[in-house]
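Here are my notes on the model, for someone who has not looked at it before. Please read them with the structure open.

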Amino acid sequence: MYDYIVCGAGTAGCLLANRLSADSTKRVLLIEAGGKDDYAWIHIPVGYLRCIGNPRTDWMYQTEPEAGLNGRHLRYPRGKVLGGCSSINGMIYMRGQARDYDAWGAGDGFGPNPGWSWAECLPHFLKHEDFHRGADAFHAAPGWDEKGVRPGGEWRVEQQRLRWTVLEAFAEAARQAGLPANADFNRGDNEGVGYFDVNQRHGLRWNSAKGFLRPVLDRDNLQVWTGAHISRVLLEPASQGDTGAGPLRAVGVEVLPRDKQGHANRGEPIQVHAAREVILCTGAIGTPQLLQLSGVGAAATLHAAGITPLHDLPGAGENLQDHLQLRSVYAVEGVTTLNTRSRSWWGKAQMALEFALRRSGPLSMAPSQLGAFTRSDPNQPHANLEYHVQPLSLEAFGEPLHPFDAITASVCHLNPTSRGTVRLRSPHSTDAPRIAPNYLSTAQDRQVVADALRVTRRIVSQQALSAYRPREIKPGMQYQTDDELSRLAGEIGTTIFHPVGTAKMGPASDPQAVVDAQLRVHGVAGLRIADASVMPTITSGNTAAPTLMIAERAAQWIAQNAQPDR
């Protein structure tokens, strides 16, 4: 018996376990299906190339064939290791725009979500931040202690440790195209061009396991299980003391331990009980899957998967949103890119030596270094495009770099109107769910991607890049009309790993809402969700930082709602 069971030791779960176990009177269990984050490539920044698509660190999901992607399916990476996606992601620290959170707080027609405006969320970003430029109204950075050591907050945010001439030229071209310079994307309005700040410390990846879990592993009241696959939440009829919460109460979870080959053992489940709360931090794919496996979801969907419905909650697994990136590739001349630096053994040796001696160079590189936020057309009220610009190119993610110098200007629509689903494939928890993002299913999204490819061309055509003779390899200048460009977007589009929204926050009057404003599951006492699945709408940027903020908010409400022991 524990007081709290935290399901998933990912970006959110590690922070939540840290905060809840700070009360020494509360017993906390953190459960992770993956293993420890002791794989060397997790910590070398460029090692994401070896972690994504690796069953040691990735759930290895795939989407269903997508009509908007001309029948293609995509690999859909999700972290399966301590630290979760923070162990395999692009390390970009990005909050989004103030308007994202103001919209969350205002709600979408069914009533407000109190506590979620930008002004109310900002302090919860600051609670764990350790910002490299120091503290101000938008950033936090703990001070020096009496020994002259700057211990910092848990979540380290640093500048990247390298520059590329071709990226400097792209940044100048963006300014020539009308984008303002932006030295800090995290002050509520991220429009402009500049370098991303990253979650690294001294050139190494900084994941949530390092930041939040390792420092507290010696707490007697915190237990961490790895290699433990949660198969369902244990639900019982609510008692009289749960009046108003709904018909059910979460009392624990069922766990499948790993066998000697590392596979979940279906034969001998373990039941673990929570006296206070079960908190799902299993992400925008794992959380709706776990709800549905537990009998919580749309009754018809559950019946179709062979699950007996216990609580009809139609929004569980609906409202999936993601950023679809369009990877435009431009061959360049007369300037160095990673394609050429990594082509020879000598170049690889130089990069390894630079990293070993100074923790800098290409091995310290986040997947994307230069960022830009702009509008797909002048009539847009705010920046609705994000660029991830890279001094490299490849045919598809996971394949070798091209044998010629090139850059990639990936652009994504920040506020897609397409909505997808996550639904059970079978009643077995070890079977991956059906993931259907439903990309480009609206006319608005198709228009934005066509316009976005034109914005890319406008930037690349500026004088600042002309010396390098950029030549569009993908998608190709022969495609010009809206229909051609939106069809080609379906050919080259791929996920940028930002799924959210599948356990939407909203009042009980919202038929799609899964949790209330304090992240409690509607109709199930003792069950809360604290991960990216609760976002009503996707943030205007990368999603790791908002996920940490969500966990920080949940920890505060859990502590406030805790009743004295009887």
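1. Met-60 sits in the loop between α3 (48–51) and β3 (61–62); helices (H or I, at least four residues) and strands (E, at least two) are DSSP runs, numbered from the N terminus. Its phi is positive, about 65 degrees, although Met-60 is not a glycine. Met-60 counts as partly exposed because its relative accessibility is 41%; buried means under 20%, exposed over 50%, partly exposed in between (1.4 Å probe, protein chains only).

2. This is a predicted model, in which local features need pLDDT of at least 70 and side-chain atom pairs pLDDT 80 or more, while totals for chains, interfaces and linings use all residues. Residues are numbered from 1 along each chain as its sequence is written, and side-chain values use heavy atoms, with hydrogens and water left out.

3. Arg-469 also has a positive phi, near 50 degrees. This residue lies in the loop between α13 (463–466) and β22, and at 52% relative accessibility it counts as exposed.

4. Pro-475 belongs to the loop between β22 (471–474) and α14 (482–492). The peptide bond leading from Lys-474 to Pro-475 is cis, with omega near 5 degrees. Most peptide bonds are trans, and most residues other than glycine have a negative phi.

5. Overall, the protein chain has 15 helices and 25 strands. Its radius of gyration is 23 Å, close to the 24 Å of the globule rule for 566 residues, so the chain is as compact as a globular protein of that length. The radius is taken over C-alpha atoms, and the rule is 2.2 Å times the number of residues to the power 0.38. Of the 566 residues, 61% count as buried.
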